[in-house]
Amino acid sequence: FSQTFAASVALGESVTATATRNAAPFDTSEFSACRTVTTLTSFPTLTVTNTNDSGAGSLRQVITDANLSVSPDRIIFNISGGGVKTIIPLGVLPTITSPVIIDGLSQPGATCANPLIVLNGVSAGVFGNGFIITATAEITGLVINNFNANAIQFAGGDGNILKCNRIGIDATGLNSAPNGSGVLFQNNSNN
């Protein structure tokens, strides 16, 4: 069978399905056999190319562009030069309203042990959140710190995934850089 999932499903993971009748007697079929995911449909890719607060290639613009799409998008990073790249929003970032994968590990040289993309909220304002997300999202390989409110607020969307992130500390993982709160889940499940 063929299926499109609202959340990301990794290569090698297994899925199973059941059919449910949407009219009386509202019964369901038996579960299908487990199937291993062997191919992935690639999502449209949007690339952050600088640490600017706004304009072409900025995280703010890429989020705005992702919100224009109803299909899932993949946000990647390719900011030139070596070392840690710090993005300092000068206000609240747009709420993420469309399914998205934000992949900090796409920055050349980044690993889970050595993240290179920092989202620093020191200038985001009194009520500034790192991300407010009302859709399903996967966030990987980011350092999110110094926001007065939440580093991440999931305000909807089910099946959200966080992997390899450093929240409330610096990129080295050695120094505190707290947010008002870490991660807040509201009105969602299966995270």
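## The disulfide

This structure holds one disulfide, and the model it sits in is a predicted one. The bond joins Cys 112 to Cys 164, with an S to S distance of 1.7 Å. That pair falls within the 2.5 Å cut-off between cysteine sulfur atoms, so it counts as a disulfide.

If you like to look at geometry, turn to the torsion about the S-S bond of Cys 112 and Cys 164: it is about 70°, so the disulfide is right-handed.

## What the bond ties together

Both cysteines belong to loops. Cys 112 lies in the loop between β6 (100-103) and β7 (117-120), while Cys 164 lies in the loop between β12 (161-163) and β13 (166-167). The pair therefore ties together parts that are 52 residues apart in sequence.

## Exposure of the two cysteines

Cys 112 has a relative accessible area of 37% and is partly exposed. Cys 164 is also partly exposed, at 32% relative accessibility.

## The chain around it

Now for the wider setting. The protein chain contains one helix and 14 strands. Of its 191 residues, 41% are buried.

Among the contacts in the protein chain with a separation of 6 or more, 64% are between residues 24 or more positions apart. As for the surface, the accessible area of the protein chain comes to about 9800 Å², and carbon and sulfur atoms account for 54% of that.

Definitions and conventions: Residues are numbered from 1 along each chain as its sequence is written. This is a predicted model: local features need pLDDT of at least 70, side-chain atom pairs count only at pLDDT 80 or more; totals for chains, interfaces and linings use all residues. Side-chain values use heavy atoms; hydrogens and water are left out. Helices (H or I, at least four residues) and strands (E, at least two) are DSSP runs, numbered from the N terminus. Buried means under 20% relative accessible area, exposed over 50%, partly exposed in between (1.4 Å probe, protein chains only). Contact means heavy atoms within 4.5 Å. Accessible areas come from the Shrake-Rupley method with a 1.4 Å probe; for residues, only the protein chains shown count as cover.
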